[in-house]
Amino acid sequence: KAQRENLGKAINSSGQEVAPIIAPDGKTLYFTRNNFEGNTGSPTHQDVWYSTLNDKGEWTDALNMGPPINNAGENAMTSISADGKTAYLNNEYGADGNMYFGFSRSFKTKSGWSVPRSWKIINFIKTAKYFEISVSPFENVLIMAVQGNDSEGGKDLYISFLQKDNTWSEPRNLGNVINSADSESTPFLALDN
C-alpha cells in the first residue's frame with residue numbers, strides 16, 4: 001500500500017498548490033500555485049513554480065518560473081515533453097500581454113524558457129474554465145480532461161490528433177466506457193503511447 005508523504009514547506013505554502021508535474025528525469029517538480037503573495041501580478045492569479053531535487057534527495061525551496069511563462073494572467077503548466085525541453089501550458093499568450101483561452105508551448109533554451117506560442121486545437125471547447133492536457137511522448141496525441149456539451153457528467157476525457165498542418169484535430173469524447181457521470185481528470189499517456 002502506498003503511503004502519502006507531505007512534501008513540506010519547501011513545496012507547500014499558505015496558498016494552493018495543484019497540478020504537480022514531475023520532469024522525466026525525476027529531478028524537477030513543476031506545479032501551479034494560486035492565492036499566494038509571491039505570484040506575478042496578482043496573488044489571486046495562478047503561476048507556475050518549480051523545485052529541484054538536491055543531492056540529499058530533498059526538494060529545494062520552490063521558485064517562481066518568472067517570465068515569459070508567468071505574467072499577470074492565469075498561468076499553468078499542464079504537462080512536459082518526454083525530453084523535458086517543452087512545457088505545455090494552459091491558455092494562449094497574446095502579443096499584447098493578455099491571456100486568451102487555448103493551449104501553448106514553450107521551449108527550454110540555453111537562456112531559459114522561450115515565449116510561449118499558441119498550438120491550435122480545432123474547435124477547442126471554449127466553454128471550459130479549467131482543463132488538463134497530456135501530450136503523448138511522440139507529440140502526436142493529446143488526451144484532455146474538459147467539460148464539453150457532450151460530456152457524460154463533469155469533466156470527460158477527450159482525444160485529439162496532430163494534423164499535417166501542425167494543428168490538433170477537434171477533440172473527440174472517449175465515450176462512456178472511459179467517461180462516467182462523475183469527473184475524469186489528470187490524464188496521462190505512457191511512453192508506449
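Biologist: What elements does the chain run through from the N terminus on?
Modeller: From the N terminus on, the elements run β-β-β-β-β-β-β-β-β-β-β-β-β, and the chain has 13 strands and 0 helices. Helices and strands here are DSSP runs numbered from the N terminus, with at least four residues of H or I for a helix and at least two of E for a strand. Please keep in mind that this is a predicted model, in which local features need pLDDT of at least 70 and side-chain atom pairs count only at pLDDT 80 or more, while totals for chains, interfaces and linings use all residues. Residues are numbered from 1 along each chain as its sequence is written, and side-chain values use heavy atoms, with hydrogens and water left out.

Biologist: How much of the chain counts as buried?
Modeller: Of the 193 residues, 44% count as buried, where buried means under 20% relative accessible area, exposed means over 50%, and partly exposed lies in between (1.4 Å probe, protein chains only). Strand 6, which covers residues 86-93, is mostly covered, with 7 of its 8 residues buried.

Biologist: Which strands pair with strand 6, then?
Modeller: Strand 5 (residues 77-80) runs antiparallel to strand 6 and is joined to it by 3 bridges, and strand 7 is also antiparallel to strand 6, with 7 bridges. Two strands count as paired if DSSP finds at least two bridges between them. To find these pairs in the structure, look for Met 77 opposite Leu 89 in strand 6, and for Tyr 93 opposite Met 99 in strand 7.

Biologist: What do the turns look like there?
Modeller: Strands 5 and 6 form a hairpin with 5 residues between them, and Gly 84 in that turn has a positive phi of about 75°. Strands 6 and 7 form a hairpin with 5 residues between them as well, and in this turn Gly 97 has a positive phi of about 90°.

Biologist: Switching topic: what is the order of the open sheet of 4 strands?
Modeller: The order is 10-11-12-13, with antiparallel pairing. Strand 10 (132-135) and strand 13 (172-173) are the edge strands, each pairing on one side only. Strand 11 (residues 141-146) and strand 12 (residues 156-161) pair over 6 bridges, and Leu 142 has Ser 160 in strand 12 as its bridge partner.

Biologist: How many salt bridges does the structure hold?
Modeller: It holds 3, counting a side-chain nitrogen of Lys or Arg within 4 Å of a carboxyl oxygen of Asp or Glu. In one of them, Arg 33 meets Glu 17 at 2.8 Å, N to O. Arg 33 lies in strand 2 (residues 28-34) and Glu 17 in strand 1 (residues 16-22), so the pair ties together parts that are 16 residues apart in sequence.

Biologist: Is Arg 33 buried or exposed?
Modeller: Arg 33 counts as buried, at 3% relative accessibility, whereas Glu 17 is partly exposed, at 22%.

Biologist: And where does Glu 132 find its salt-bridge partner?
Modeller: Glu 132 forms a salt bridge with Lys 155, the closest N and O atoms being 2.7 Å apart. This pair links distant parts of the chain, with Glu 132 in strand 10 and Lys 155 in the loop between strand 11 and strand 12, 23 residues apart. Glu 132 is buried at 11% relative accessibility, and Lys 155 is buried at 16%.

Biologist: What about Arg 105?
Modeller: Arg 105 has a salt bridge with Glu 139, and their closest N and O atoms are 3.9 Å apart. Arg 105 sits in strand 7 (residues 99-109) and Glu 139 in the loop between strand 10 and strand 11, 34 residues apart.
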